[in-house]
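I opened the notebook to record what I looked up about the ligand sites and the chain contacts. The entries follow in the order in which I made them.

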Amino acid sequence: MEFGFSEEQQKLMAEMRDFCINELPEDYDPEYTGRFQEAETQEFWKQFHQKGVQKGWPTAGWPKKYGGMGFSAMEQAAISSEMSYWGARWGGIMAMTLVAPTVLTSGTEEQREKWIPPIARGEITAFECFTEPDAGSDEANVQLRAVPDGDEYVLNGQKTFISGGTKPDWLYTLCKTADVTPKHRGLSIFMVPGDAPGVSYRPLPTMGGSQQNEIFYDNVRVPKENLLGELNRGFYLAMTTFEFERAAGGGLGARRSMEKIMEYARQEKRNGKPLYQDSKARDMLARMAIHKHLEFLFGWYTAWHRSQRERLGPQHYNSGTLWHRLWQTFDGEKMGQVFGMYTQLRQKSKYARYNGRPGRTWEYMHAIHAAGSPEIRRVVIADRGLGLPRIPRQFNVQINEALKQV
Amino acid sequence: MDFALSEDQEMLKTMARDFLEKECPEAVVRQIETDERGYSPELWRQIAELGWLGISIPEEYGGTGGDAVDLMVIHEEMGRALFPSPHLSTVVLCGHTILEAGSDEQKKELLPKIVNGELILAMALTEPESSWDGKAWDPEGVTVRAVPDGDDYIIDGIKLFVHDAHIADYLLCAARTRDDGPSEEGITLFLVDAKSPGISYELLDTLANRNKQCEVVFDKVKVPKQNIVGELNDGWAPLFKSVKTGAVLLCAQMVGAGQRIEELTVDYAKTRIQFDMPIGINQHVQEHCVQLVIRQDACRYATQYAAWALGQPGQDMEVAMAKAWCSEAFEHICWRAHQVFAGVGTMAVLHIMPLYTRRGIVMENYLGDTPFWLEKVALELEKLPPHMKTKGKPLGLWDPQRKQVPVWEIWREYAESL
Ligand SMILES: Cc1cc2nc3c(=O)[nH]c(=O)nc-3n(C[C@H](O)[C@H](O)[C@H](O)COP(=O)(O)OP(=O)(O)OC[C@H]3O[C@@H](n4cnc5c(N)ncnc54)[C@H](O)[C@@H]3O)c2cc1C
Ligand SMILES: Cc1cc2nc3c(=O)[nH]c(=O)nc-3n(C[C@H](O)[C@H](O)[C@H](O)COP(=O)(O)OP(=O)(O)OC[C@H]3O[C@@H](n4cnc5c(N)ncnc54)[C@H](O)[C@@H]3O)c2cc1C
């Protein structure tokens, strides 16, 4: 048992730290990332990425053959944890975490040549287009159709709640390509140019100010080569993608937010004393710190487990993915109790405290549901992790019909 | 970063699990709970033979010189098996303190006997007033005084919630020997012969192990000066060091107990049939299981980290976090399990849950409860360095003139487009 970092990891983290200190703008506040969806900040991350490329960091976990450094899960986590401490990210992050793994594991050699180099350079932005009005948690219920027509596929349908800001280069689109039971065996993934004729966008701002998109596909034609992996295996590809997305490292970011809030709690006064001496604030701070320490441990446990796969076998559940979602609202509640009426004030008000952050915890509710709601994560833990029984899927339709009879 | 136990520790764990399953099944636990002594001398002898009493004591005193992680492994299994024994009192709270602060003679005299199982020791620290005022584990809470009298000291006062005092050979008593100056600089540790004239014991009627905690009344008890452990007035630091270790080991006991509770609960959810289906098919019941499991995982990681951190400098915050977290989480774990077991889980003689839940109340409060350790976390937070500053070219993000994410404009645009 060892919870310190190896010399190698420490060196990596120190380099990453210097890089972030020197490259990130001095007026950058990672606790307020809403700003960073704007076009010019996207441009900033692209440049940041390109500087990182010189060190090989953005693609450190990829195989050497494709321009990576073949880093282990632990080394990757060392990098990404330092990134999370600074709230930094690579440009074209969705392409990095979505498209690249799919192409690397299941693409053809031509697709690899086509996609991997520009993604590695951070030049490509992509949206993850899975969710539809009738396919939320039940991702397999995707209705957006892709129908073959000569050397092309024709796409018709709608996606919703899609993250990533504006003007993506590519849409990583999950489509229905066969009417089969079970439904998830009839899905495929296509790369659709963001500006393809027939694609249109409608912005959906969330209550927290981030921008989601509704995307409409109206007779959109894409060449057959844009099918990623095999036809009708798209759902499995999406699952692999999630696997890649789960790389740990959020934990050190958690430490940052404690440092930030303590800085504030020292400057701010209540009843003539530093805020941290107020008993309610003290309780909140200590509890927050514990939740964040545990977030750190859950994150590193995941990374460690990945690095030990051969010894340990697959991890059947990952309670870490549920962890911070469980406590986000709890900590928000506690913060609200400390800030009282000031919780209501946005950052722009001259009376705002702590940069308007206490209220943002509530407005940021949307983040809880991105990438799968906590309830679905519980279902996964109960089902795959603990082996608790559930009604076999094939009966769902019958049950729904029966419900209509009652 | 490595969450795995070493091979030796894995062996120790398996051995401990096997031993306790065989020698200390539920029936034995129940029997010991009704025994006046609250422990089994026979099992005590056996664990001495297994080396559990010397696991953290250096080789020169007959132990095997292991670390806090080794202790954690053993205590996890003891918690799982609900093993009633004065191990924590004797080896950790008293043994470690003697090792840390005692004279060479004291160490040579006492430690080998602890390792052999010949001696039982109990830590007499908490008092009636201090325990009520929330200062039980703080130096201000020590008000029982020891007054010099020739070659002796005279101790007078009451210690409360003293684990294992009634079966102890010696009490390690923290007494106030100076009133001026900071309160942690006026406490001295005395090794008191438990049979000294003037000492009396009364067992407390507690929820669990009702015969294990005592009121200890010191009525002008004479203790020779050479029985001072460590320096005069300097007893708090070494004692609190052992309390910290003990707190982490209580976390380990809760982790062990929680693990067993998790297994039993999930298994019950799968096998108990109501409404013609296993109850575990209902998401309400699943929710109990999942909330239990996620807290149990958190207890485990926090405890593992803390056990490791005990051997590292500057990690007091993480140690405090473990007990602050586990004390509350274990209560929650028991509650979730009770929800799944419903009626049968409340039946004192039919089910093991009442044993865990009651023992839980002891473990949560002993050696500092959640509020106590939260305060320690807060004290450490005060020392947190400020966040490092970035130095890159500013983007003018907070310039009021700058066009910002036009949230309301997007809304308006959207509304107009409908
Ligand atoms: C900020 C944000 C960003 C997003 N970004 C993207 C993106 O980039 N790309 C993308 O494709 N999608 C994205 N989404 C969509 C997101 O993945 C979905 O919102 C999410 O999967 C939940 O789907 P839903 O909102 O339709 O809820 P529903 O599926 O309708 O669920 C409603 C409620 O019922 C619960 N529920 C449903 N089924 C079950 C069940 N079997 N058992 C128990 N409970 C159940 C759910 O957990 C939830 O609590 C984003 C969403 C948000 C809020
Ligand atoms: C102190 C006490 C006094 C009692 N007195 C009496 C008495 O006088 N007379 C008498 O007849 N009985 C009595 N009972 C029995 C009591 O009514 C039952 O314990 C209670 O109905 C629950 O049944 P169970 O314990 O078998 O739990 P189970 O039915 O086995 O339930 C176990 C768990 O599964 C949950 N569960 C079961 N089915 C579902 C479902 N479909 N959806 C969601 N969750 C589900 C339950 O809520 C519970 O959390 C008493 C019980 C106690 C503890």
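I began with the shell around ligand 1, whose residues divide into 7 nonpolar, 10 polar and 2 charged (Ala, Val, Leu, Ile, Met, Phe, Trp, Tyr, Cys and Pro count as nonpolar, Asp, Glu, Lys and Arg as charged, and the others, Gly among them, as polar). This is a predicted model, in which local features need pLDDT of at least 70 and side-chain atom pairs count only at pLDDT 80 or more, whereas totals for chains, interfaces and linings use all residues. Residues are numbered from 1 along each chain as its sequence is written, chains are lettered from A and ligands numbered from 1 in the order in which they are written, and side-chain values use heavy atoms, with hydrogens and water left out.

I then listed the residues that come nearest among the 19 around ligand 1, namely E128(A), T131(A), S137(A), S163(A) and S373(A), a residue being near if one of its heavy atoms lies within 4 Å. The site is shared between chains, because residues from chains A and B surround ligand 1.

For polar contacts (a pair of N or O atoms within 3.5 Å; within protein, one must be able to donate a hydrogen and the other to accept it, and residues adjacent in sequence count only if both atoms are side-chain atoms), I noted a polar backbone atom of F130(A) at 2.9 Å from an oxygen atom of ligand 1. A nitrogen atom of ligand 1 is 2.6 Å from an N or O atom in the side chain of T131(A), and from chain B a polar side-chain atom of Q283(B) lies 3.0 Å from a nitrogen atom of ligand 1. Of the 960 Å² that ligand 1 exposes when taken alone, the protein buries 68% (Shrake-Rupley method, 1.4 Å probe).

Next I turned to ligand 2, where the shell divides into 5 nonpolar, 5 polar and 1 charged residues. An oxygen atom of ligand 2 is 2.5 Å from an N or O atom in the side chain of R272(B), while a polar side-chain atom of Q274(B) lies 3.3 Å from an oxygen atom of ligand 2. The protein covers 41% of the 970 Å² of accessible area that ligand 2 has on its own.

Last, I checked the interface, where 69 residues of chain B are in contact with 80 residues of chain A (heavy atoms within 4.5 Å). I counted 5 salt bridges between the two chains (a side-chain nitrogen of Lys or Arg within 4 Å of a carboxyl oxygen of Asp or Glu), and E328(B) forms a salt bridge with R287(A), with the closest N and O atoms 2.8 Å apart.
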